[in-house]
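Dear colleague,

I am handing over the structure below, and after it you will find what came out of going through it. Please read the notes with the model open beside you.

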Amino acid sequence: MINVNDIYNEVRYLIRKDKGGYITNAEFNAISRLCETMLWNFWAAQFDKTQTVPTAMRPFIQDSDSVTNPGPIYIGSNGLVPLPSNFGRLLSVRYGHVQNVNPGSTTVSYYPSLPVHESEIANLQASKVRGPSIAKKRFYHFFSGERLTMLPRQEGNIADLRYISIPTFAVRAVTTDVTNDQENYTATGSIQYSWPDSERNNLIDLLMLHYGISIRDSELGSWVISQRNIAANTTAQTL
């Protein structure tokens, strides 16, 4: 975890050193949110390439039935699964078969679910050897766009997800001294960065890049510039 006020003070110092002007607290919070989004997208792109969770993203690994996400996720109509609001990237899925043992008493048995591509579904469901089956304990899941579907599509069973969440964005809270209109940091109401300390320099680099100040050459900085170029070219092509 990284202290949001420490980052604010360092960025403010570097901006003043570069004669970049004053940074308000509201501006800092807005830019910080954008920078955290860019940082998450950068590491998500690495995950997409390697399917290995980067160290920077390990604090964001969550289970769907946890303190953050209380209660199981039930499979809905046609096998559709409602994803958590902070869902980012899927790591693994278990299929929870809910059984009524006695009146008012249920048990849940969990089984690994295998990922399949949407194009395989018709052949898979027609297969007597590989087809989805609760009795034969064959379970699958697939994405259609941003919608997750479980097989078998039995409503009322449970999808137990392990995933990489989108971080809760840091917020620097302040109180205002009415005698001099000075904004003073307060821990009450502040939200610290949930990134590991190894990402401290990356956060600062991104914040400084927003002000057009380059601190050091890095893979992250090159990636951000390439993304900006792609966005600019896409905009130019649509004009």
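This is a predicted model: local features need pLDDT of at least 70, side-chain atom pairs count only at pLDDT 80 or more; totals for chains, interfaces and linings use all residues.

Helix H2 passes helix H4 in a right-handed crossing, a term used when the near helix is turned clockwise from the far one by less than a right angle; helices here are DSSP runs of H or I with at least four residues, strands are runs of E with at least two, and both are numbered from the N terminus. The axes of H2 (residues 25-50) and H4 (residues 200-210) come within 9 Å and cross at roughly 120°, where axes are lines fitted to C-alpha atoms over the stretch in contact and angles run from 0 to 180 degrees between N-to-C directions. That makes H2 oblique to H4, since angles under 35 degrees count as roughly parallel, over 145 as roughly antiparallel, 65 to 115 as roughly perpendicular and the rest as oblique.

Residues are numbered from 1 along each chain as its sequence is written, and side-chain values use heavy atoms, with hydrogens and water left out.

The peptide bond from Leu-151 to Pro-152 is cis, with omega near -5°, and Pro-152 sits in the loop between strand E8 (147-151) and strand E9 (158-165). Asn-78, although not a glycine, has a positive phi of about 60°, and its place is the loop between strand E2 (73-74) and strand E3 (80-81). Most residues other than glycine have a negative phi, and most peptide bonds are trans.
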